[in-house]
Amino acid sequence: MKRNVALVLSSGGSRGLAHIGVIHELVKQGFQITSVSGSSIGTVIGGLYAMGKLHEYTKWVSTFNKMDVWGFMDFTLTTNGLLKGERVFDKMKTFIPDMNIEDMPIPFAAVATDILHEKEVVFTKGSFYEAVRASVAIPAVFTPVKYNNTILVDGGILNPIPIEHVRRKNGDILIVVNLYGEKKVDIPNEKNIDNGYLNRLINPLLTLISTGDKSSKGYYSLLSSTTSAMIQKIAELNIEKHKPDLVINIPHDSASTFDFYKAKELIELGESAAKEAITNY
């Protein structure tokens, strides 16, 4: 008999690709995921799994290099964000059609933050892509989303690990994938490295947007590191409050926000972290 799992996937930028590896390992070891909730990147991966399209996304993202990441950055001149955050989802829609959340085979909940009223907004119905776009809207990086006379930003701001929103049934094992774990391992250098002019062009911009280097005096470096510290503390408190049956920790410094070109390494990291956690469960 398969063991049923209520799965919660945390926010955490490109580290969330480790969620894919965790899901692979859970299924491989005989667990049956019966419900999912997610915040930010956890919304992306969790929603794709709930609709049965995670395989297509995994194949696609596993081909990324730095130039691909650069190509999805749709810059804007507005004052409330650097990126529109639409280009990547427009591409995804060409091979993963939109689906209403209530029509997904597996119950799913996505979390965003209503920044005007300082509260969570939980999507359990309506367009998957609309919910995802709101949930991943990192303040000052992605433009926020106007929704029902308010403004939505990244779900991780108020609830990086939305345990209370997963639809858990009696007997379900509550498993949390926490992308804010302590450093345990090093990610190998990516095999597909761009060089020369391309690196000189892309690396400074990726650093500007996503670095968490606390010694940097850059605006986005400071914003990233302070926000990350706050979200990490909220994540710890939420885990302590709800006491899930199993927590699978991914090192918080295993990747920066936009390191999606490290997909293969991060997926492998998720698989190994899940395998270790299940063995010790």
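Two strands count as paired if DSSP finds at least two bridges between them. Strands (E, at least two residues) and helices (H or I, at least four) are DSSP runs, numbered from the N terminus. What you see is a predicted model, where local features need pLDDT of at least 70, side-chain atom pairs count only at pLDDT 80 or more, and totals for chains, interfaces and linings use all residues. Residues are numbered from 1 along each chain as its sequence is written, and side-chain values use heavy atoms, with hydrogens and water left out.

**View 1. Strand S2 and its partners, S1 and S3.** Strands S1 (residues 3-9) and S2 run parallel, joined by 7 bridges. Look for Leu 7: its bridge partner in S2 is Val 36. S2 also runs parallel to S3 (residues 108-114), this time with 4 bridges, and here Ser 37 stands opposite Ala 109 in S3. S2 (residues 31-39) is mostly tucked away, with 8 of its 9 residues buried (under 20% relative accessible area with a 1.4 Å probe, protein chains only; exposed is over 50%, and partly exposed is in between).

**View 2. The two sides of helix H3.** Leu 54, Tyr 57, Thr 58, Trp 60 and Val 61 are the buried residues of H3 (residues 54-61). Down the helix axis, they fall within an arc of 165°, so they line one face (the arc uses directions from the axis to the C-beta atoms). Turned away from that buried side are the exposed His 55 and Lys 59.

**View 3. What covers H3.** Among the elements covering its buried residues are helices H1 (18-28), H2 (41-51), H5 (87-93) and H9 (263-279); contact means heavy atoms within 4.5 Å.
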